[in-house]
Amino acid sequence: MAGRFAPRPTRTTVRGGHVAVPADAPGGVPRQAVAPGRTRTWTPPWPLDLGLVLGPLRRGPGDPTFRATPDGAVWRTSRTPAGAGTLRVSARDGVVRGEAWGPGSAWLLEQLPEMLGAADDPDVFEPRHRLVAIARHRRPGLRLTRTGLVLESLIPSVLEQKVTADEAYRAWRLLVQKFGEPAPGPAPERMSVMPEPRTWALIPSWEWHRAGVDNKRASTILRAVRVAGRLEEAVGMEPGAAQARLELVSGIGPWTSAETVQRSHGAADSVTVGDLHLPGIVGYALAGDRDADDSVMLSLLEPYAGQRHRAARLILLSGRTPARRAPRMPRGDIGRL
């Protein structure tokens, strides 16, 4: 039955893909009355696709920190250096409007342009393959986000180590909803802010187990939150140096550090190595080799040195992926044991 089924979205293809953000509907969806938050308008000098830019920040369709609503807006919650905050971003006629609530509202609005790609420079990218050039032409709104926050990308990346996407997304959803705090402002229902580092450190062992998180991943997160301040300082470093600092924590390797700095730093060259699917997708798209490993993938991406992560995202967005030829990896749930 090999090859009879269309490839399912994997963790890698979801990250490289596009979160569906409905067109801004006239009038929008009624929102509950609440004390007004801070607002900011900003006009990016390039085409902006909210779904493409912010899509990598969503951890599954039930992510309590991310929501795309029918009125065309994207909602996010973050734990900023100033505290918890909720951000609503919408775009109409080329103008971006940001609204924020909570102690971290001013910080989120200050960071808004970089979160939408202002620190990125896609013009330095030169396609070396026809497939990549076509993908770039079709996605002019693609820019790499830079959140300026490390832990909010690091912790879910640790949860995604060596498990299916569904398992990781479920664990993130359960832990954030149970131990986080309600999103400030008129956020959509069931949105939450991720816990503070100290709260992560105090989560009982049985709650990790119920969420389906094994001891290895839970211990890695506990080690990371104990040095949260030092890890957040990595935002001011170059991506390579930031990855090196993250990897000083036992349990954080090149896969996890790359997945983190791609979001926290907007790192255009931090290609993910050690992924189950990405080497085969890149190998198949660029050389017809669905059995490519990390070394082959890095060799194929060598012409894009300095922009390898962007090249990988464009390859994922091209939709050229090998057909499935084996059953899907079974989902486990240690919480049932």
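Glu-181 is partly exposed, at 31% relative accessible area. By salt bridge I mean a side-chain nitrogen of Lys or Arg within 4 Å of a carboxyl oxygen of Asp or Glu. Helices (H or I, at least four residues) and strands (E, at least two) are DSSP runs, numbered from the N terminus.

A word on the source. This is a predicted model, where local features need pLDDT of at least 70 and side-chain atom pairs count only at pLDDT 80 or more, while totals for chains, interfaces and linings use all residues. Residues are numbered from 1 along each chain as its sequence is written, and side-chain values use heavy atoms, without hydrogens or water.

Back to the charges. How many salt bridges does the structure hold? There are 17. Take Glu-99 and Arg-88, whose side chains meet at 2.9 Å, N to O. Glu-99 lies in strand E5 (residues 95-101) and Arg-88 in strand E4 (residues 83-92), so the bridge ties together parts 11 residues apart in sequence. Glu-99 is buried, at 9% relative accessibility. Arg-88 is buried too, at 7%.

Next, Arg-146 and Glu-114. Their salt bridge is 3.1 Å, N to O. Arg-146 is in the loop between H4 and H5, and Glu-114 is in helix H3 (residues 105-115), so this pair joins parts 32 residues apart in sequence. Arg-146 counts as buried at 19%. Glu-114 is partly exposed, at 29%. There is also a network: salt bridges with shared partners join Asp-71, Arg-88, Arg-97 and Glu-99.

Now the nonpolar side. A nonpolar core here is a set of buried Ala, Val, Leu, Ile, Met, Phe, Trp, Tyr and Cys residues joined through side-chain atoms within 4.5 Å. The largest has 31 residues. Those with the most contacts inside it include Leu-154, Trp-200, Trp-208 and Ile-221. Five helices each supply at least two of its residues: H5 (151-159), H6 (165-179), H9 (215-226), H10 (228-232) and H11 (239-246). Apart from it lies another core, of 21 residues, with Val-271, Val-282, Leu-286 and Leu-314 among them.

What does Leu-154 touch, beyond residues up to four places away in sequence? Ala-224, Leu-231, Leu-246, Ile-252, Thr-256 and Thr-260. Contact means heavy atoms within 4.5 Å.

Last, helix H15 (residues 308-318). Its axis comes within 9 Å of that of helix H4 (residues 130-138), and they cross at roughly 80 degrees. Axes are lines fitted to C-alpha atoms, for helices over the stretch in contact, with angles from 0 to 180 degrees between N-to-C directions. H4 and H15 are therefore roughly perpendicular, a label that covers 65 to 115 degrees. Leu-131, Val-132, Ala-135 and Arg-136 in H4 meet Leu-314, Ile-315 and Ser-318 in H15.

Is H15 mostly covered or mostly open? Mostly covered: 10 of its 11 residues are buried. Among them are Arg-308, Arg-310 and Arg-313. Just after H15, Gly-319 takes a positive phi of about 80 degrees.

How values were computed. Parallel < 35°, antiparallel > 145°, perpendicular 65-115°, else oblique. Buried < 20%, exposed > 50% of the residue type's maximum accessible area, 1.4 Å probe, protein only.
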